[in-house]
Amino acid sequence: MASDTPPTAQAYGAQERAAIYRAIDERRDMRHFAGGSVAPEVLTRLLTAAHHAPSVGFMQPWRFIRVRSRALREQLHACVEVERQRTADALGERRDGFLQLKVEGLLDAAEVFAVALADGREAHVFGRRTLPEMDLASVACAIQNLWLAARAEGLGMGWVSFFDPADVARLLQLPPGARAVALLCLGPVHGFYEEPMLARERWARRAPLASVVFDDGWRRQADWLDRA
Ligand SMILES: Cc1cc2nc3c(=O)[nH]c(=O)nc-3n(C[C@H](O)[C@H](O)[C@H](O)COP(=O)(O)O)c2cc1C
């Protein structure tokens, strides 16, 4: 959490810093939505936040498609349902536990956006020659911006990745080379989960910070970490 002492002269004030950490802490992947609507000016703010994300070589590879047609939304939902069942079949002994989890709110959210990687990405070599997946990393940064801004606006968002990209490409008429990477459910919620739903449902737990931060090499414990 933000301390009262700014670390540098460029730091935000204590309240502003606390607000940033609060949004990070309270952002949740939401699957339960309260219907309603999101005003166009709020959508514009959120998409502007997404569009101001960092991107490799400043390539801005993200494309956002607002799903306005109910029929299209239902077709996308059907794709997700097919993949949810296939995932369950691939999970072996965790199948039944998985099927009890809610993994999307596509039919209930006020808004659905599909997010795709743009076509023509092969022209962008800067920062991607050895790591071509940095385009996807850039899109993830944009989605995270949107997610945090949505939390600050009091709106829930859920990232749905249960789909075959070829099916979504066909439904959204993506050009060759473009690739769908997310269906975002966005809108008012009755409340935010206090912890990740997958933790609440005992599917997974947050790993201790010390288990993911190392010094000088793999698995060398960072003994300077504040463990409080
Ligand atoms: C790339 C990505 C894809 C995800 N896809 C799904 C999904 O298809 N369905 C779902 O319920 N949650 C999905 N999630 C949400 C994660 O389950 C969630 O972030 C994680 O459980 C931690 O919870 P939190 O986001 O509330 O902190 C996805 C998250 C990310 C970053």
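**Fold, sheet and ligand shell of a predicted model**

Trainee: What radius of gyration does the chain have, and what value would a compact globule have?
Mentor: This is a predicted model. With 228 residues, a compact globule would have a radius of gyration near 17 Å, and the value for the chain agrees with this. For the chain, that value is 19 Å.

Trainee: What does the C-alpha trace of the chain span along its principal axes?
Mentor: The trace belongs to a chain of 228 residues, of which 23% count as buried. Along the principal axes, its span is about 55 × 45 × 40 Å.

Trainee: In what order do the elements of the chain run from the N terminus on?
Mentor: The chain contains 7 helices and 4 strands. Read from the N terminus on, their order is α-α-β-α-α-β-α-β-α-β-α.

Trainee: Among contacts in the chain between residues at least 6 apart in sequence, what share joins residues at least 24 apart?
Mentor: Pairing between strands gives an example of residues brought together: Gly 156 stands opposite Gly 187 in S4. Among the contacts between residues at least 6 apart, the share joining residues at least 24 apart is 78%.

Trainee: Which strand pairs with S2 over 7 bridges?
Mentor: Strand S1 (residues 62-66) runs antiparallel to S2 and is joined to it by 5 bridges; there, Arg 63 stands opposite Ala 116. Ala 116 also has a bridge partner in S4, namely Ala 180. The strand joined to S2 by 7 bridges, again antiparallel, is S4.

Trainee: Why is strand S2 described as largely enclosed by the rest of the structure?
Mentor: A residue is buried if 20 or more other C-beta atoms lie within 10 Å of its own. Strand S2 covers residues 111-117, and it is largely enclosed because the number of its 7 residues that are buried is 6.

Trainee: Which residues surround the ligand, and how do they divide by type?
Mentor: Arg 28, Asp 29, Arg 31, Val 103, Glu 104, Trp 159, Val 160, Ser 161, Phe 162, Pro 196 and Leu 198 surround the ligand. By type, the residues of this shell divide into 6 nonpolar, 1 polar and 4 charged.

Trainee: Which residues does UniProt list for "domain: Nitroreductase", and how far apart are the end C-alpha atoms of that span?
Mentor: The UniProt record, an unreviewed entry, lists residues 24-187 for this domain. In the model, the span is 41% helix and 16% strand. Its end C-alpha atoms lie apart by 18 Å.

Trainee: Is Gln 60 buried, partly exposed or exposed?
Mentor: Gln 60 lies in the loop between helix H2 (40-51) and S1. Its phi is near 50°, a positive value in a residue other than glycine. Because Gln 60 has 18 C-beta neighbours inside 10 Å, it counts as partly exposed.

Trainee: Is Gln 173 buried or exposed?
Mentor: Gln 173 is placed in the loop between helix H6 (165-172) and S4. Although not a glycine, Gln 173 has a positive phi of about 55°. With 8 C-beta neighbours inside 10 Å, Gln 173 therefore counts as exposed.

Methods: Residues are numbered from 1 along each chain as its sequence is written. This is a predicted model: local features need pLDDT of at least 70, side-chain atom pairs count only at pLDDT 80 or more; totals for chains, interfaces and linings use all residues. Two strands pair if DSSP finds at least two bridges between them. Helices (H or I, at least four residues) and strands (E, at least two) are DSSP runs, numbered from the N terminus. UniProt positions are given in the numbering used here, feature names are shortened, and annotations may be inferred rather than shown by experiment. A residue is near a molecule or strand if its C-beta atom, placed from the backbone, lies within 6 Å of it. Ala, Val, Leu, Ile, Met, Phe, Trp, Tyr, Cys and Pro count as nonpolar, Asp, Glu, Lys and Arg as charged, and the others, Gly among them, as polar. The radius of gyration is taken over C-alpha atoms; the globule rule is 2.2 Å times the number of residues to the power 0.38. A residue is buried if 20 or more other C-beta atoms lie within 10 Å of its own, exposed if 12 or fewer, and partly exposed in between; C-beta atoms are placed from the backbone. Two residues are in contact if their C-beta atoms, placed from the backbone, lie within 7 Å.
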